[in-house]
Structure formats: C-alpha cells, structure tokens
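I opened the notebook to record what I looked up in this model.

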Amino acid sequence: FQRQQPEQNPALLVLQNFTRGRFTGQVYNVVFHSDPKLIHIFPCWTVPLHTAQLDNRLFGQHLAKDVVLKAVLGFSNNPSPKKPLMLSLHGWAGTGKNFLSQILAEQVHPAGLRSKFVHLFLATLHFPHQDQVKLYKEQLQNWIRGNVSACPSSVFIFDEMDKMHPGVIDAIKPFLDYYEEVDGVSYRKAIFIFLSNAGGDLINKAALDFWTSGKRREDIQLKDLETLLSSLCGLWHSSIIDRNLIDYFVPFLPLEQRHVKMCVRAEMKARGYDVDEKIVQAVADEMTYFPKEQKIYSDKGCKTVQAKLDIHEDLVMRDMKARG
Ligand SMILES: Nc1ncnc2c1ncn2[C@@H]1O[C@H](COP(=O)(O)OP(=O)(O)OP(=O)(O)O)[C@@H](O)[C@H]1O
C-alpha cells in the first residue's frame, strides 16, 4: 500500500475467509492522503446475499428472490465485471420492491439507506419539473460521478421510474454502459436499481391466469412471463432499453391474504410481541382484495400492514399484560 499514490485513490482491500466450503469476504475502500502516514479505510461491499436471508423476510416473491440472488451472486463473484449491475423491478404497490432493494443495499453497505454510499431517488420528489430536465441531468451526473469516485460499489435506487422524464433516465446511461472508465472513473462495480409499477397489471393478470387454471403460484416461472417482460422493454422510450443495458427485469407478484398474514406476523415479531393469530387475521381482514369477484390479491400488498397494526397495538399490549 505504501507504494500507492494519492492520485490512485481509492484502492480496494479484500479480506477473504474460506468457511464451510465457500468464500465469504469483505471489501474495504482505502483512501490515501498526501501525508503518507494517513490512510483512511472504510467498508465498501460485504458478503453475497444468501437464500435464507430472503426466505425469512420477503414473502410470496419466489421469482424476484431467484432472479436477484442469481444476479447478485454472479456480480459479486466476478472480480472484474464489464459493466455495473442494473436491475429493473416491476410490480403492484406494496409487493416488496423497495423492501428488496433495501435488503440488497444492506448487503453491500450494512447501514443500508443510512449509508452515504446508498442513494435513493424518487421521480416526483427529486425530478418533479419537466422544464428543469437539463439541470436535473447535470446534477444527477455530477452526483453519480462524485459518489462512484469515492466508493466504486455505490448503490443507486431510482423509485417511480414510470414517472421519470426520459431525459433524466438518459442521463444515467453513460454510467451503465460497457465502458472501462468514463473521465477516469470506473462504474463497473456500481449497482443501479430501477423500481416501477409499470407492468404491474400485466404481472397480476399472469398470476390470476395461473390461479384460475388451478396451478400453484410457486410454479410460475420467468419464462411464463417472457412476453410480458419483453413488452416492458417498450415502456420507457429511453436509450437504456435500446442498448439492452438492463441486466434483469424482476417481476413482483401480487400478494395473497396468506402473504399479508406473514407480513403481519413478521411485523409483530419485529415489535417484540407474541404472534396472536386473532390479530393477524383481523389485520388481514381489514385489507381490501381484488379482483372484485374472487378477492385474491391485496390491493396494497403489505404496504398498510404497519399502520393497521398500530391500530391494534392497544389490544396487543393488553393481551400481553394479561398473559403476564
Ligand atoms: N413481499 C413482501 N414480503 C415481506 N414484506 C413485504 C413484502 N412486500 C411488502 N412488504 C412490507 O411492506 C412494506 C412496503 O413495501 P414496499 O415499499 O417494498 O412496496 P413497493 O413494492 O416498493 O410499493 P410501491 O410500488 O408502492 O412503492 C415493506 O417495507 C415491507 O415491510
């Protein structure tokens, strides 16, 4: 390290462990200063994601789990990826897109959204005005450039992609492409995640068709959604799609009542309560379901579970006290 020059910043320090037949490891960013005695080391990329980490937390999303695990494993095992990892998550509201992105971000930077290397952008909040697209473009490019220079494995999450102006989307394109470096910065270890409700109704229809024909939801395979996924490509008139820069389209299925109940149980446990099935059922019953006739899928997925559980909080506390 002493041979490194400050202008070669940042260097990567990799610590690897070989446990139970597989490598795990931690990567640190090492920043050198002009004072040779001063070296700044901070974590920047942790171990790959495991199935078990998702099984206990993300419910009813076997396709999203498989695709993301495959994508992240491949990317983190590749010492020199040719381009940044680019995932596009699609589905109905409250089905876990933000949730999974955050789990993924925590894998790379344990502080998750609180880490200064994880960046969340909301189209309607950060890029609301059409007439400011030029300015947004410039600011966004500077932001990405500055942050990837500081930490190559920075994570950028763009929510509400369906509401993003194509000009802003195109601003990200130069960083996603197969370039070794852009203006002296390599973006190949960065992760870009796009979230959107686009295609949610088509995914719901595919799930409902499966249900109607008596097939198990868990048997839905990516290939069953192939036509749908390819039609998603046409949703954004953007050069990101034209250049095939998206590595994986990740479909999120609509959540059934049994998944809502799993969310309620998980939330009760997270709050330190004993799981009370009466309350689980009560919260699940308060949700609304579609289609009108069959009432299979939750309108808002698990999104309102926390708020609904708040209303039952008194009851839970009384129950716990009574049980001592
Ligand atoms: N599949 C799931 N498994 C476990 N928890 C879930 C799941 N889906 C949603 N949740 C819970 O509901 C909350 C809201 O979900 P999330 O914000 O991820 O939905 P979303 O798909 O991003 O919705 P939107 O499209 O409206 O932004 C999460 O923080 C999580 O607690």
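**Basis.** I worked on a predicted model, where local features need pLDDT of at least 70, side-chain atom pairs count only at pLDDT 80 or more, and totals for chains, interfaces and linings use all residues. I numbered residues from 1 along each chain as its sequence is written.

**Ligand shell.** I looked up which residues come nearest to the ligand. Of the 18 residues around the ligand, these are Ala93, Gly96, Lys97, Asn98 and Phe99. Near means a C-beta atom, placed from the backbone, within 6 Å. Helix 3 (residues 97-108) gives the most to the shell, with three residues. I took helices (H or I, at least four residues) and strands (E, at least two) as DSSP runs, numbered from the N terminus. Domain 2 (51-252) and domain 3 (257-322) each supply at least three shell residues; the bounds come from an automatic or database domain assignment. By class I found seven nonpolar, nine polar and two charged residues in the shell. Here Ala, Val, Leu, Ile, Met, Phe, Trp, Tyr, Cys and Pro count as nonpolar, Asp, Glu, Lys and Arg as charged, and the others, Gly among them, as polar.

**Helices 5 and 6.** The axes of helix 5 (residues 133-150) and helix 6 (residues 166-176) come within 9 Å and cross at roughly 30 degrees. Axes are lines fitted to C-alpha atoms, for helices over the stretch in contact, with angles from 0 to 180 degrees between N-to-C directions. Helix 5 is therefore roughly parallel to helix 6 (under 35 degrees; over 145 is roughly antiparallel, 65 to 115 roughly perpendicular, the rest oblique). I noted Val133, Tyr136, Lys137, Leu140, Gln141 and Ile144 of helix 5 in contact with Gly167, Val168, Ala171 and Phe175 of helix 6. Contact means C-beta atoms, placed from the backbone, within 7 Å. The contact residues of this pair are seven nonpolar, two polar and one charged.

**Helices 10 and 11.** Helix 10 (residues 257-270) and helix 11 (residues 277-286) have axes within 9 Å, crossing at roughly 125 degrees. Helix 10 and helix 11 are therefore oblique to each other. Gln257, Val260, Lys261, Val264 and Arg265 of helix 10 meet Val280, Val283 and Ala284 of helix 11.

**Backbone.** A cis peptide bond joins phenylalanine 290 and proline 291, with omega about -10 degrees. Proline 291 sits in the loop between strand 9 (289-290) and strand 10 (297-298). Glutamate 160 has a positive phi, near 60 degrees.

How values were computed
Contact = placed C-beta atoms within 7 Å.
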